[in-house]
Amino acid sequence: QVQLVESGGGLVQPGGSLRLSCAASGSIFSISAISHLGWYRQVQGKQRELVATIASGGSINYADSVKGRFTISRDNAKNTVSLQMSSLKPEDTAVYYCFALQALRQYWGQGTQVTVSS
């Protein structure tokens, strides 16, 4: 019903910035029913962890490790969600996944690699 495509990953130096974007596509009915959009990340050998989520009403949640450095936003008219990442640290290196929640259904993007290294 919903397809998610991430973009914007890449290599950045510590202290740098990067913006990730995710576009949601599908039927207009399904898109309108999405209650939450967000970002998770995963390092090999570790559990996938929450980075940030934003609800349709505007409520936002951040992981403690990214508060003050990352900003999540959504454009309902364009069906996109973005993650502005600043003051990046090597420990932010991971595959970042776009996430959408529609009622009881979960949707995931294919993932985009973010590498923070000098």
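A residue is called buried when its relative accessible area is under 20%, and exposed when that area is over 50%; between these limits it is partly exposed. The structure discussed here is a predicted model.

**Residues and their surroundings**

Ala55 belongs to strand 5, which spans residues 49-55. Because its relative accessibility is 13%, Ala55 counts as buried. Apart from residues up to four places away in sequence, Ala55 touches Ser35, His36 and Arg74.

Leu83 is part of strand 8, residues 80-85. With a relative accessible area of 0%, Leu83 is buried. When neighbours within four places in sequence are set aside, the contacts of Leu83 include Leu18, Leu20, Trp39, Val51, Phe70, Ile72 and Tyr96.

Arg41 is located in strand 4, residues 34-42. Is Arg41 buried or exposed? At a relative accessibility of 6%, Arg41 counts as buried. Its side chain takes part in a polar contact of 2.8 Å with the side chain of Glu49. A polar contact of 3.0 Å links the side chains of Arg41 and Asp92. Beyond its neighbours within four places in sequence, Arg41 is in contact with several residues, among them Gln47, Val51, Ser65, Phe70, Ala94 and Tyr96.

Ser86 lies in the loop that connects strand 8 and strand 9. Its relative accessibility is 23%, so Ser86 counts as partly exposed. Leaving out neighbours within four places in sequence, Ser86 contacts Gly16, Ser17, Arg69 and Phe70.

**Separation in sequence and in space**

The table sets out residue pairs by their separation along the chain and between their C-alpha atoms.

| Residue pair | Separation in sequence | C-alpha separation |
|---|---|---|
| Leu83 and Ala103 | 20 residues | 23 Å |
| Ala55 and Asp75 | 20 residues | 12 Å |
| Ser86 and Gln42 | 44 residues | 19 Å |

In which order do the four strands of the open sheet stand? The order is 1-3-8-7, and the pairing is antiparallel. Strand 1 (2-7) and strand 7 (70-75) are at the edges; each has a single partner strand, so one side of each has no neighbour in the sheet. On average, neighbouring strands of this sheet are turned by 15 degrees against each other, with direction ignored.

Within this arrangement, strand 3 (residues 18-26) and strand 8 pair in the antiparallel sense over six bridges. One of the residues involved is Leu18, whose bridge partner in strand 8 is Met85. Leu18 is also among the residues in contact with Leu83.

Strand 11 covers residues 112-116, and its side chains alternate.

How many bridges join strand 2 to strand 11? Three bridges join strand 2 (residues 10-12) to strand 11, and the two strands run parallel. Gly10 stands opposite Val114 of strand 11. Strand 9 (residues 94-102) is likewise joined to strand 11 by three bridges, but strands 9 and 11 run antiparallel. Here Tyr96 has Thr112 in strand 11 as its bridge partner.

Definitions and conventions. Residues numbered from 1 in each chain as written. Predicted model: local features only at pLDDT ≥ 70, side-chain atom pairs only at ≥ 80, totals over all residues. Heavy atoms only, no water. Buried < 20%, exposed > 50% of the residue type's maximum accessible area, 1.4 Å probe, protein only. Polar contact = N/O pair within 3.5 Å; in protein donor to acceptor, adjacent residues only side chain to side chain. Contact = heavy atoms within 4.5 Å. Pairing = 2+ DSSP bridges. Axes fitted to C-alpha atoms, helices over the stretch in contact; angles between N-to-C directions.
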